[in-house]
Structure formats: structure tokens, C-alpha cells
Amino acid sequence: MTIRHIRALRAMHVRRSTWALLAVVALLVTCLAAGPGTALARDREGQTRPVGAPGGLAATPARLEIGVDTNSAELAADVAVTNRGAGPAHVHVTLADLIVTQAGAYETTVAGQTPYSASSVATIDRENLDLNESGDPGATATVHLSGNVDHLARPLYGALILELDDEQPPIMDLVAVRVAAQVRPSIVIPIILVPLNATDAPATSGNATGLTRLADTIQLALKGLSLAFAESGSPGPLDRLIPISLPGVADHGPLVASTSVQNQGNAFGRVFTKYSFAGVNPVGWLPESLRGSFGSDEHPYLEVDAAPAALMPDMLGETRAVSTYATGRGGELDSTPWFGLVRVQATSTLVLADFVSQPVVQDGYVLVLPWKEGLVALAAWRMWCFWRGRRSPGASQVLPEPVSASSPVSA
Amino acid sequence: MNRKSAWIAGTVLAATLLGAQVSLAATSATQNVTFTVAKAVAITSTGAATISTAIDPSSGTPTGTTTSGLTVSSNDTAGFQITAKTNAATVTEAGTCTPAQSANVNIMSVSASTPTGQSAGTSAGTAASAFALSTTATNLYSAAPNYTGGTLSVTTNYTVAPGYTTPPNTSGCTYTVPVVMAVTAL
């Protein structure tokens, strides 16, 4: 309040009791504005404040798939953990059980909860790591995994969780009311212990690499369930105008192909799928010798290796691939033809510690037809015809009369 | 003349044979260096963020949004996946207030952008739709990216919709939701 305002108020000759009433009202308003119970209180700074200091960590190896042959009795593996933050970090290390959710995410639970827990045979040598700042020699430490795996008859699974503790308390504003997301970087390292047989004879299921094969108790088997297609990417104006999709028909690319599979073996595995996109040859129905004479054999125009899906026994899973190329500059280039029948072949295998199941091949066809554009063009043409018809309604009246043979003109 | 030509030809032949011998004497040795590269992943948070304006459930915008960032490193050509979860279903206010209120963490939804800054790889993956936080790890990508590189940038988006079931904050306190962002090599 400025001196000029005060002088003006004095000039009003207000009584003392009125001044007191005004002061009480002002105090109440102030308390209501900043008091508790106001999730609606307004932020005075209007800025975004950091809640946790930037930090991170690195780990190698990122997966532990350890083959245990019948002669092995001891298990040993090291994981190097490195601080990526600018300040010292405390990393909490946990050996947990591994679960795969129905959505295909790696999830962990307390050790010893699952019947296939790797923690039943393995332990880690430390649960806390104090790491120096990034770049310092003390920024890296090693976690040693060890255990007794004598007579391991079935695969065991687990996970090593590396979680960065937040040592710095959140910065609080004691006036404003806020909701904050406190990010905790973490790394989950799957641990797979696989019993092997030390022989070079081929296994009944799974192809051995080297002189070992999967133990006879392990079966790797995969069943293909479906192969589906859809248009990928955000819908365009025409897709919003005509929000209909026809089965087996794509209006435009990019196409996204998804394969549904089921793990029918008795062990965990990762499903790797290679998608092959090819334009269907119009004379593909002819015998191969005749087809070759036309010089138009069918060749895939795109092959994509999809990211693997983790599957526990009996689980259903899905892999998917998009018909785009990465340009290397952050962009993507669609490879789908504008028109034609596209054949998609998906070859899936179940992989456990470099052992591969019999492939499952699924085929599907999708017709790429810009029918929405065609509908719009047809509608535009009809409207144009209608508009022309209305614009010149008397056009037929100005046409000359047909000339008859008996008319005087012809004479 | 013929004798002279024969002499020159013989000299040239001798010089050629001598050169060949010298060439054979200077053979190179080949050493095979065998090495293996382990799969490695890293994740770094570029700092969490606070929703700076208090959320009014009765207003026209009863939600608050903010963004943060992750930097991921991966050399696994099979790809990587990032999951998000919280360690507890509820969160108690943090700060200097008594009594402290509790809120369900599912008022916060999370999503992520596809990574950029790759060195190699063919697919940026497909970002999953935003989902409510829970104690179950949920994939941030419906199709995992197979990009590799040392500094893959990912933007994370947080949306908070407290509704009328979340108690208003006590003065001086904040609902701080710990979000565990875990990276896994596929």
C-alpha cells in the first residue's frame, strides 16, 4: 500500500471500529487462500522443479543365460554395475524371482515364491553398492552370482534387480500443493539356468550348438495361433471421415502384422519371429517352370525381425512388425505398395539359451486397396455431374431439331 | 645380336625370379584376435518433474501433466523394453505436515515416446497407450524397439487425475509417487 493510498484512506475519516472489521476480513481471506484443505491452492512460482537429481546406472551382461552341464557343480557369474550419474550413487541389488505377465512384461517378485526360482540354488555376494561418480574408477562394482547346481534337472529362472536409491530428499515447496513423479532408474537382468547334456548327439527338441544339447527333460515347442494385419500409424483425415475397416483389406500402409503363438513346451523361451512381406505375383498360380518364363518370380520386398516375446510354458504371446524402414535419420519409410495383394509370412521359433525349437510358419494375405480415396473420388465426381446438370438445365432446349428428309432445308 | 638378346632375356628372367623369392620371403603373418562382447544396457533419468500447478478436480482441466526424460543405452540387437511400476499401491504425503494424507498411485498415468538418437537398428517400436501406474510392471512399448546406441532419448509423460477420491493435500506437503523405470534387454 503506498503512502498516497494511506493518505487517501485517512481522508475518508473512517471510524476505528470499521478499520478493525476490515483487518479481520483481510486476515480471513489470507488464511483461506493459503490454508490447508486447498488442493486448489495456486502455485506461486509456476515453475517445474526437479524432485530427484539426475542419475542412472549401467549393467553388463544384460542377460544371464547359463548352460549347466551334468558335470558342473558350481555356478559362477559376474555382473558389472556402473554409476552413470554425476554424483555418488547407492545401488540396491536384489535377487528375485522372474515372472512374465500376460502382457509380456518381465516382472519380479520376492525370491522363493515360484517353483522354478533360481534363488533356490543361487545367491549374490552383496546387496548394496556404493558407487562413486561417473568417470571415477570407483564408479563400477561387481556383483557375483554363485551357487550349487549339482544335478540340475530342470530350468530355473530368476532376475537380478539393480535399483538406484534416491538419496537426495525431494525438494519441497512449503506453500504450494503438488504431485510429483520421482523416477527411480532400474535394470532387470533375467537369469536363466538351463540344464544341458554333454553329448554331440542331436536332441529330440531344440538344435544343439557345439557339443551340448538341452537336457532330455526340456521340450521346446511352439504353436502358431493366428496372423493378423492392421494399418499402422495415426489415422489420416480420410480414416476419420470413414472410420470403417474391411477385414483383409488395408486402405494404405504402413501395415502392422502381429502373430499370436503359444509356448507348448515345458520351459521358458523367447519367441523370435521373422516377417516377410511380398507382393503376390498375378501369375503365381502357374507352375514354377511357366512362372519363371514370365520372369516374375515372387520375392519379398521387406523382411523384419520382430522384437522377441518372452513366454513361460503354456503362455500365449504376440510378436509384431511394421512394414517400414528406418531411414537412419530418425524417420521411417513405408514400404507398402499403393495397390496389390501382399503376402505376409511369419516364421517363429522358441529360443532358450541359443537352443532353437522347430520353426512355425504362418501365412496370410492382405489386399492393399485405397478404397476410401476411391469412394471420395466417386462422390466428388457424382457431385460434379449433379452440379453441371443443375447449372445448365435448358441445355437440351438449345440443341438443334433433328433434320428430316422432307424438310425444306434438306431440299 | 641374338646372343645379346638372349643375354638380356636371361638377366630379366633371373631378376624376376630373384624378386619373386624376395617377395616370398616377406610373407605376412596373420593373428586372429578372438573376443566377445557382452550384452549391456543402461538407463539414466534426466530428472523427475513436479506438476507445478495444483490440480482442481472441479475445474475444466482436472488433470495435471508433466514430462521427464530417460537416456537408454543398449547394444542388444534383439531390442529392449522399459517397464514402469510403483512399489506400493498408495503413497503418503511427504513434507512437513500433520496428519499426512494418502493417495492411490493409480491416479497417475504414464506413457513414453519412441526412442531417438540411435546408432543402428530398424525399428523404433510402438509406444503403448498411457496406462495407470500400479505395482505390476507394465511395458511402455507395445512393440519393443530394437535400436542400439549409447544415448537413446526417451521422453516420459505423466498425467495425474486425482478426481474427488484423492484427499486434498495438507499444507506444506506433496504426493510424491516413486516410479520405477526398469530397462531390460530382450
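Colleague: What are the ground rules here?
Modeller: This is a predicted model, where local features need pLDDT of at least 70, side-chain atom pairs count only at pLDDT 80 or more, and totals for chains, interfaces and linings use all residues. Residues are numbered from 1 along each chain as its sequence is written, chains are lettered from A and ligands numbered from 1 in the order in which they are written, and side-chain values use heavy atoms, with hydrogens and water left out.

Colleague: Pockets, then. What volume does the largest pocket have?
Modeller: About 490 Å³. A pocket is found on a 1 Å grid over the protein atoms alone: it is an open set of points where a 1.4 Å probe fits, with protein on both sides within 12 Å along at least five of seven lines. The volume is the space filled by probe spheres set on the points, which are joined across faces, edges and corners.

Colleague: How do the residues of the lining divide?
Modeller: 16 nonpolar, 11 polar and 3 charged. Ala, Val, Leu, Ile, Met, Phe, Trp, Tyr, Cys and Pro count as nonpolar, Asp, Glu, Lys and Arg as charged, and the others, Gly among them, as polar.

Colleague: What about the second largest pocket?
Modeller: That one holds about 410 Å³. It is lined by 24 residues, with A:Val322, A:Thr324, A:Glu332, B:Thr122 and B:Ser123 nearest its centre. In chain A, β16 (300-305), β18, β19 (324-326) and β20 (332-334) each give at least two lining residues. β16(A) has the largest share, 4 residues.

Colleague: Switching to charges. How many salt bridges over all chains?
Modeller: 8. The rule is a side-chain nitrogen of Lys or Arg within 4 Å of a carboxyl oxygen of Asp or Glu.

Colleague: Which parts of the chain does the A:Arg270 and A:Glu65 pair link?
Modeller: Their side chains meet at 3.5 Å, N to O. The pair links distant parts of the chain: A:Arg270 is in β15 (269-279), A:Glu65 in β2 (64-69), 205 residues apart. A:Arg63 joins these two in a network of salt bridges.

Colleague: Is A:Arg270 buried or exposed?
Modeller: Buried, at 6% relative accessible area. A:Glu65 is partly exposed, at 27%. Buried means under 20%, exposed over 50%, and partly exposed in between, with a 1.4 Å probe and protein chains only.

Colleague: Which residues form the nonpolar surface patch?
Modeller: A:Leu375, A:Leu378, A:Trp381, A:Trp384 and A:Trp387, with about 580 Å² of accessible area together. Patch residues have over 30% relative accessible area and no salt bridge; nonpolar side chains (Val, Leu, Ile, Met, Phe, Trp, Tyr) are joined within 5 Å, like charges within 9 Å. Areas come from the Shrake-Rupley method with a 1.4 Å probe; for residues, only the protein chains shown count as cover. A:Trp387 sits in helix α5 (371-391) of chain A and is partly exposed at 48%.

Colleague: Last topic, backbone. Where is the cis bond?
Modeller: From A:Thr60 to A:Pro61, with omega near 0 degrees. A:Pro61 lies in the loop between β1 (55-60) and β2 of chain A.

Colleague: Which residues have positive phi?
Modeller: A:His151 is one, with phi near 60 degrees. A:His151 is exposed at 70%. A:Ala353 is another, with phi near 50 degrees, and is buried at 13%.

Conventions: On a 1 Å grid over the protein atoms alone, a cavity is a set of points where a 1.4 Å probe fits but cannot get out, and a pocket is an open set with protein on both sides within 12 Å along at least five of seven lines; lining residues have an atom within 4 Å of a point.
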